[in-house]
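Visitor: Please take one part of this model and go through it closely. I would like to know what it touches and how its surroundings are arranged.

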Amino acid sequence: MRFTEILNQKTKDNQGTRSPFIAFLGDSVTQGVFEVYEKNNEMKCVFDSMYGYPEKLRQLLAMLWPNAPVSIFNAGVDGSGAPKGWERFQRDVLPLKPDLLIVCFGLNDVHYLNEGLAKYKEALHNIFSAAKQADIEVIFMTPNMMNTHSDYVGEGPILAPHGPMFAQRQLNGEFDAYIDAARQVCKEEDVILCDCYAIWKNMYEKGVDTTALLCNGLNHPTRKMHELFAWQLVHTILNN
């Protein structure tokens with residue numbers, strides 16, 4: 001990747017080279033949302049971006065390239081899907097011209113089912129194409145699995161119905177269809193893929209209770225599981 005060259009150049013010429021710059025475009029997981037709970041008949045979220053994978057990646061890169069401090073911009077937004085991400089990319093990310101763009105969508109898009117799949121693919125095509133035209137390197141990171149059972153979901157009237165619904169979409173192949181579509185778009189646009197979803201699926205197929213790795217019992221990975229994202233992104237950066 002050209003991004004490693006930028007890191008090395010910054011190491012050689014710390015004062016004369018701008019800081020390597022990564023932008024992250026995604027949903028609540030990217031933003032750094034963890035637990036969810038109900039209060040006053042509303043769903044509330046715990047925001048803790050210091051434990052999210054963008055910050056963890058920044059820290060890992062600082063360990064590997066200590067003389068090349070990386071700047072990050074987090075454009076993750078709770079509840080966002082790829083179409084809204086395309087809007088934010090044009091408004092918030094593109095004018096900044098980051099060296100590297102890391103994109104992660106799917107967890108919210110899947111709830112639009114078949115009607116949303118075409119829009120999901122179109123938005124990813126738009127983001128990737130526009131980034132390439134602006135000479136921005138792109139990595140698409142597939143998300144984590146959603147829950148496969150409802151044992152860890154709260155019993156409140158707002159949260160409780162989400163457990164069976166999310167599990168159905170995870171287990172009946174609907175979410176797999178979105179991930180497969182994203183992989184295909186990456187292939188068509190020649191975008192580097194960091195396939196974390198495949199790792200989660202492998203763990204699940206080997207008997208791991210992956211739902212226990214979701215701090216809201218639905219779709220938000222625990223703080224420790226954000227480390228998997230960060231390390232896989234490091235692996236992707238080093239091997240492409």
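Guide: What follows is a close look at one helix pair, then at a residue beside it and at the sheet.

This is a predicted model, in which local features need pLDDT of at least 70 and side-chain atom pairs count only at pLDDT 80 or more, while totals for chains, interfaces and linings use all residues. Residues are numbered from 1 along each chain as its sequence is written, and side-chain values use heavy atoms, with hydrogens and water left out.

The pair consists of helix 3 (residues 53–64) and helix 9 (residues 226–238), whose axes lie 8 Å apart and meet at an angle of about 45°. Helices (H or I, at least four residues) and strands (E, at least two) are DSSP runs numbered from the N terminus. Axes are lines fitted to C-alpha atoms, for helices over the stretch in contact, and angles run from 0 to 180 degrees between N-to-C directions. Helix 3 is therefore oblique to helix 9; angles under 35 degrees would be roughly parallel, over 145 roughly antiparallel, and 65 to 115 roughly perpendicular, with the rest oblique.

On the helix 3 side, the residues in contact (heavy atoms within 4.5 Å) are Tyr53, Lys56, Leu57, Leu60, Met63 and Leu64. Helix 9 supplies His226, Glu227, Phe229, Ala230, Trp231, Leu233 and Val234. Ten of these residues are nonpolar, one is polar and two are charged. Here Ala, Val, Leu, Ile, Met, Phe, Trp, Tyr, Cys and Pro count as nonpolar, Asp, Glu, Lys and Arg as charged, and the others, Gly among them, as polar.

Phe229 in helix 9 is also one of the contacts of cysteine 196. Cysteine 196 belongs to helix 8 (residues 196–205). Its relative accessible area is 0%, so cysteine 196 is buried; buried means under 20%, exposed over 50%, and partly exposed in between, with a 1.4 Å probe and protein chains only. Leaving aside neighbours within four places in sequence, cysteine 196 also touches Met141, Thr142, Pro143, Leu228 and Gln232.

Two strands pair if DSSP finds at least two bridges between them. Leucine 101 stands opposite valine 138 in strand 6. Both strands belong to an open sheet of five, in the order 4-1-5-6-7, with parallel pairing. Strand 4 (71–74) and strand 7 (192–194) are the edges, each with a single partner strand, so one side of each has no neighbour in the sheet.
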